Amino acid sequence: MRALKLHELSLADRLADLAVDALIDEADLSPKPALVDRRGNGAHSDLHLGLMHASALSLWPMFKEMAEAAIEFGEVGLPLREALGRIGREGEQAMLTTTNGVNTHRGAIWALGLLTAAAALEPRAVTLTAAKLALLNDRYAPQPMSHGAQVAQRYGARGAREEAQLGFPSVVQRGLPQLHRSRQQHAGEQNARLDALLAIMTDLADTCVLYRAGPEGLLAMQQGAQAVLDAGGSATLGGRRQLHALDLQLLALNASPGGAADLLAACLFIDRLDGAL
Ligand SMILES: CC(C)(COP(=O)(O)OP(=O)(O)OC[C@H]1O[C@@H](n2cnc3c(N)ncnc32)[C@H](O)[C@@H]1O)[C@@H](O)C(=O)NCCC(=O)NCCS
Ligand SMILES: Nc1ncnc2c1ncn2[C@@H]1O[C@H](COP(=O)(O)OP(=O)(O)OP(=O)(O)O)[C@@H](O)[C@H]1O
């Protein structure tokens with residue numbers, strides 16, 4: 001059989017590859033505080049690494065379809081936004097079928113779905129284009145009382161929707177600059193990714209944490225992540241000690257930063273877009 005050459009893959013194929021790679025790299029990254037990683041299931045009794053991998057792979061056709069829809073519609077507008085909503089909901093069903101009903105990647109479908117479509121449309125203004133898509137109101141989206149909606153109501157928190165509508169400030173202003181800084185300081189790729197996750201955690205209103213552990217959990221997450229970075233980051237002995245303490249503290253609070261994990265995947269996706277298209 002003739003080997004498939006890279007340039008024979010369509011843009012949509014390559015974007016779907018990048019999105020799934022970002023999810024797999026996020027899941028594999030270890031040691032992440034209280035999240036599923038190579039060591040175990042963190043604060044999640046219903047999740048494990050194999051399930052995260054299977055879920056990520058199940059989303060490949062969905063990401064491809066989102067990129068194809070963006071290419072076909074060719075511009076930001078309600079028709080594309082509503083097509084993405086439909087494809088995203090179908091992807092969510094594919095995920096739930098694969099995981100037997102467990103929510104592995106709901107937030108990631110939202111963030112990476114918008115970014116994949118945006119990359120197909122405007123590769124030089126990805127977060128801005130994703131924000132414009134997120135600002136459009138999908139008339140067919142159901143309005144369930146999700147965990148995010150419940151804590152938004154209770155604490156007035158800014159959740160996944162607002163993060164996208166603002167152009168992913170946690171990724172653009174925190175995650176990506178930290179990823180580049182730690183690489184420059186020769187932290188090593190895995191440590192640089194951990195530092196990027198921690199930088200995202202310092203300032204995020206992660207609705208997973210708020211739902212599970214309230215404002216006390218959120219403060220512990222933000223201050224603990226800052227303490228690791230202040231101690232020199234994941235590549236240093238002091239930083240590792242703080243990271244271990246943060247892991248134990250978040251586990252004790254059952255406070256898993258799932259939103260931050262999704263945004264790390266978004267960060268890795270954007271980082272790889274440069275030079276890949
Ligand atoms: C907007 C979404 C994320 C729903 O948000 P909501 O806060 O109501 O729901 P939920 O509690 O299920 O949270 C979603 C997930 O977002 C992640 N998250 C949590 N906090 C944050 C945050 N501050 N920033 C970013 N992501 C976060 C978490 O992983 C969480 O599991 C989305 O799932 C949605 O509307 N889906 C409908 C289908 C659709 O339109 N898809 C379009 C794909 S482009
Ligand atoms: N490595 C990871 N480990 C754990 N969660 C992750 C990881 N990567 C991403 N996530 C995100 O975290 C979310 C899971 O969080 P959580 O289990 O709190 O969601 P839930 O189903 O809304 O709540 P609960 O399990 O409390 O009923 C997923 O939506 C997923 O997007």
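1. Helix α5 (106–121) gives the largest share of the shell around ligand 1, six residues. A residue counts as near a ligand if its C-beta atom, placed from the backbone, lies within 6 Å of it. Helices (H or I, at least four residues) and strands (E, at least two) are DSSP runs, numbered from the N terminus.

2. This is a predicted model, in which local features need pLDDT of at least 70, side-chain atom pairs count only at pLDDT 80 or more, and totals for chains, interfaces and linings use all residues. Residues are numbered from 1 along each chain as its sequence is written, while chains are lettered from A and ligands numbered from 1 in the order in which they are written. The protein chain averages a pLDDT (the predictor's confidence in each residue, from 0 to 100) of 96, and 97% of the residues score at least 70. The ipTM is 0.92 and the pTM 0.95.

3. Around ligand 1 there are 29 residues; Gly88, Gly107, Gly113, Gly148 and Gly259 come nearest. Elements giving two or more residues to this shell include α4 (78–99), α7 (147–155) and α8 (160–165). By class, the shell has 11 nonpolar, 11 polar and seven charged residues. Here Ala, Val, Leu, Ile, Met, Phe, Trp, Tyr, Cys and Pro count as nonpolar, Asp, Glu, Lys and Arg as charged, and the others, Gly among them, as polar.

4. Ligand 2 is surrounded by 21 residues, the closest being Leu35, Val36, Asn103, Gly258 and Ala261. Two or more residues each come from α1 (11–28), α5, α11 (207–230) and α13 (258–273). Eight residues of this shell are nonpolar, nine polar and four charged.

5. The largest nonpolar core has 89 residues. Such a core is a set of buried Ala, Val, Leu, Ile, Met, Phe, Trp, Tyr and Cys residues joined through C-beta atoms within 7 Å. Its largest share, 12 residues, again comes from α5. Leu112, Leu115, Ala117, Ala266 and Phe269 have the most contacts inside this core.

6. Glu75 lies in the loop between α3 (60–73) and α4. Why is Glu75 exposed? It has 11 other C-beta atoms within 10 Å; exposed means 12 or fewer, buried 20 or more, and partly exposed in between.

7. The protein chain has 13 helices and zero strands. Its C-alpha trace spans about 50 × 45 × 35 Å along the principal axes. Of its 277 residues, 50% count as buried.
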